[in-house]
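Let's take a friendly walk through the side-chain contacts of this chain. Have the viewer ready, and follow along pair by pair.

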Amino acid sequence: LSKRVEEFYTDIQNSQSLTYMGKVLLYATSYMSLTNHYGLLTLGMKEEVQRQTVEAPVFIASLPRTGSTILHRTMSLDTTRFRNFDLADMVVPLPKPIPRWDKEGRHEKAKEADGLINSIKLIYPGQLECLETMHGFRPSEADEDLGWYDTGLGHPYMDPLMKLYPEYRQKEEKVQGVSDGTIESKEVARYRYAWLAMIMKIYQY
C-alpha cells in the first residue's frame, strides 16, 4: 500500500494533463481520504469492534428514479431500528462515530460538517447549489452522495486513479503488482468488501 501511495503521488506530480489547481485538489482529497482510512482502520481493529456480528444489514438497490432515495431517507428516520450515515458522518467520520441517540453530539458533528461544506463553496462556486437539485446536503440528515460516501469510508482514491489512468497505463517502468496498469484488482475488490464489513461493525458498535 505504501508503494501504491508513493507512485500515486508521483503520478500526480508528473502529470501533463492536470492543471496546478487539479493537482492541489487531488493532493488534498487523497490526504483527507488516507487520514480517514487510517483513523477508521484503527477504530475497526479494536477488539470490541471485531467481536461485533453485523445484524440484519439492509441493502437498497434499484434502477434510477424508482424511489430508493425516499425509501432510504424514510427508513433513516427510524433511529431505533436502523443505523445509517448522515451527511455529517460522511464529511467528518473521525475522531469517532457519534451514536444516533446522542442529540447534542450529533448537532456538534453536523455543525463541523457544515463548516467544511461551506468552505467547498469558496473553491467551486455554484457546484453545491447544482447538486442540491438531487441531494439536500443537510449534514444532520441521511444522504446518498457517493463522493461523500467514499470520503467518509476512507477510499475515494479510485476517482483520482481514473483521472490519471492514461498516463498510469503508459508508464515504461512498472512495478509488478503495483503499477501494472490495472485500476481494480481482485485483491482491491476483496479489501473493499472486507472494509465495508468493518465499517458496519464500527457503526453498529
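A salt bridge here is a side-chain nitrogen of Lys or Arg within 4 Å of a carboxyl oxygen of Asp or Glu. With that in hand, keep in mind that you are looking at a predicted model. It holds seven salt bridges. One of them joins glutamate 47 and arginine 51, whose closest N and O atoms are 3.1 Å apart; both residues are exposed.

Now turn to arginine 73, which meets aspartate 143 in a salt bridge at 3.5 Å, N to O. Arginine 73 belongs to helix 4 and aspartate 143 to the loop between helix 7 (127-131) and helix 8 (146-153), so this contact ties together parts 70 residues apart in sequence. Aspartate 143 has a relative accessible area of 0% and is buried, and arginine 73, at 18%, counts as buried too.

Next comes arginine 106, paired with aspartate 86 at 2.9 Å between the closest N and O atoms. Arginine 106 sits in helix 6 (residues 103-123), while aspartate 86 lies in the loop between helix 4 and helix 5, 20 residues away. Shared partners join Asp86, Asp89 and Arg106 into one salt-bridge network.

What about the aromatic rings? There are two aromatic pairs. The ring centres of tyrosine 9 and tyrosine 27 are 5.4 Å apart with planes at 10°, so this pair is stacked. It links helix 1 (residues 2-14) with helix 2 (residues 20-44). Phenylalanine 85 and tyrosine 203 are instead edge-to-face, with 4.7 Å between centres and 90° between planes, and both are buried.

Conventions. Residues numbered from 1 in each chain as written. Predicted model: local features only at pLDDT ≥ 70, side-chain atom pairs only at ≥ 80, totals over all residues. Heavy atoms only, no water. Phe/Tyr/Trp six-rings, centres within 6.5 Å; stacked < 30°, edge-to-face > 60°. Helix = DSSP H or I, 4+ residues; strand = E, 2+ residues; numbered from the N terminus. Buried < 20%, exposed > 50% of the residue type's maximum accessible area, 1.4 Å probe, protein only.
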